[in-house]
Amino acid sequence: MENVRMLSTLGLAGAMRSLSSAFETASGIHVDADFAPTLALLKRLRGGEPADLVILTREGLDEMIGEGRVVAESAADLARSYVGIAVRAGQPHPDIGTEAGLRQTLLAARSVAYSRLGASGVYFAQLIVRMGIAAEINARATIVEQGFTAERLVSGEADLAVQQISELKQVGGIEVVGPIPHDLQTPAVFSAGCMARANNAVAADRLLRYLASPEVVPVLRQSGLEP
């Protein structure tokens, strides 16, 4: 079976698992996928790791195009993702609908789990500084190097988990409360592009066209992304 190597940001891991198998069935091309935060992927790509197709944040993809690693003409925006908050399943859903409600909810939490490397973690660190509560939150935060912050809800280490909604939804035993108010955030845009030195450029192009097609929209929505 033909093989296409894809490196994708964690935000699309949930959607990509079902989309990859649908693509494989339709095309006979196996998708060899690896998922990590965008910053980790950029480091690996700069270190020379081979790939045919990459899915990164739009900013990350633009950097790779600027360095000549990704073919500019191939770039396609796939989905937008908002940062949300989750609690362990069965726990009451706190008020996060307004900035005041969010502030109170964050300050009342025993511990808030957020990631260090992901776009959501960088955004959240800046948000709590802007809200003037960084010292209080960080004094008892559960910082996740990489991976899914919601796992810390299941283990009981944290009361609240912050991450892209699409990433929160990949952990069982939790409930997504909702997005952080839209006026406090700019959605992350996840974009795909073919690598300039792809070993299998034809398969990469075919996979990219499939991922950018209208037929995948319901799967993206289900996984917490906005097309």
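Modeller: Let us begin with burial: a residue counts as buried when its relative accessible area is under 20%, as exposed when it is over 50%, and as partly exposed in between. Please keep in mind that this is a predicted model.

Colleague: By that cut-off, is T57 buried or exposed?

Modeller: T57 counts as buried because its relative accessibility is 10%, under the 20% limit. This residue lies in strand β3. Leaving out residues up to four places away in sequence, T57 touches T38, A119, V189 and F190.

Colleague: How should I read a nonpolar core?

Modeller: In soluble globular proteins, nonpolar side chains tend to be buried together. Here the largest nonpolar core has 38 residues, and those with the most contacts inside it are M6, M16, L19, L53, I55, L207 and L211.

Colleague: Which elements supply at least two residues each of this core?

Modeller: They are β1, α1 (13-27), β2, β3, β4 (76-81), β10 (188-194) and α9 (201-211). Helix α9 gives the most, with six residues. There is also a second, separate core of 22 residues, which includes V112, Y123, M131 and L184.

Colleague: What is L53 in contact with, leaving aside its neighbours within four places in sequence?

Modeller: L53 contacts R5, M6 and L7, then G193, C194 and M195, and finally A204, L207, L208 and L211.

Colleague: Let us turn to charged residues. How many salt bridges are there?

Modeller: Side chains of opposite charge can pair when their charged atoms come close. The count in this model comes to 15 salt bridges. One of them joins E49 to R44, with the closest N and O atoms 2.8 Å apart. E49 is partly exposed, at a relative accessible area of 23%, and R44 is likewise partly exposed, at 24%.

Colleague: Which parts does the salt bridge between R58 and D77 tie together?

Modeller: The side chains of R58 and D77 meet at 2.8 Å, N to O. R58 lies in helix α3 and D77 in strand β4, so the pair ties together parts that are 19 residues apart in sequence. R58 counts as partly exposed at 24% relative accessibility, and D77 is partly exposed at 47%.

Colleague: Where do E145 and R116 lie?

Modeller: Their side chains meet in a salt bridge of 3.0 Å, N to O. E145 lies in the loop between β7 (142-144) and α7 (151-154), and R116 in the loop between β6 (112-115) and α5 (119-130), so the bridge ties together parts 29 residues apart in sequence. E145 is partly exposed at 47% relative accessibility, and R116 at 48%. Elsewhere, salt bridges that share partners join R5, D32, D34, R44 and E49 into one network.

Colleague: What is the strand order in the open sheet of five strands?

Modeller: The order here is β7-β6-β8-β5-β9, with mixed pairing. The edge strands are β7 and β9 (174-179), each of which pairs on one side only. From one strand to the next, the twist averages 30°. Strands β5 (83-88) and β8 (160-164) pair in the antiparallel sense over four bridges, and V83 has Q164 in β8 as its bridge partner. Helix α5 lies across β5, β6 and β8, running at about 125° to β6.

Colleague: To finish, is I85 buried or exposed?

Modeller: I85, in strand β5, is buried, with a relative accessible area of 0%. Not counting residues up to four places away in sequence, its contacts include I96, L102, L106, L160, V162, V176 and I180. I85 and S120 are 35 residues apart in sequence and 11 Å apart in space, C-alpha to C-alpha.

Note on methods
Residues are numbered from 1 along each chain as its sequence is written. This is a predicted model: local features need pLDDT of at least 70, side-chain atom pairs count only at pLDDT 80 or more; totals for chains, interfaces and linings use all residues. Side-chain values use heavy atoms; hydrogens and water are left out. A nonpolar core is a set of buried Ala, Val, Leu, Ile, Met, Phe, Trp, Tyr and Cys residues joined through side-chain atoms within 4.5 Å. Buried means under 20% relative accessible area, exposed over 50%, partly exposed in between (1.4 Å probe, protein chains only). Contact means heavy atoms within 4.5 Å. A salt bridge is a side-chain nitrogen of Lys or Arg within 4 Å of a carboxyl oxygen of Asp or Glu. Two strands pair if DSSP finds at least two bridges between them. Axes are lines fitted to C-alpha atoms, for helices over the stretch in contact, and angles run from 0 to 180 degrees between N-to-C directions.
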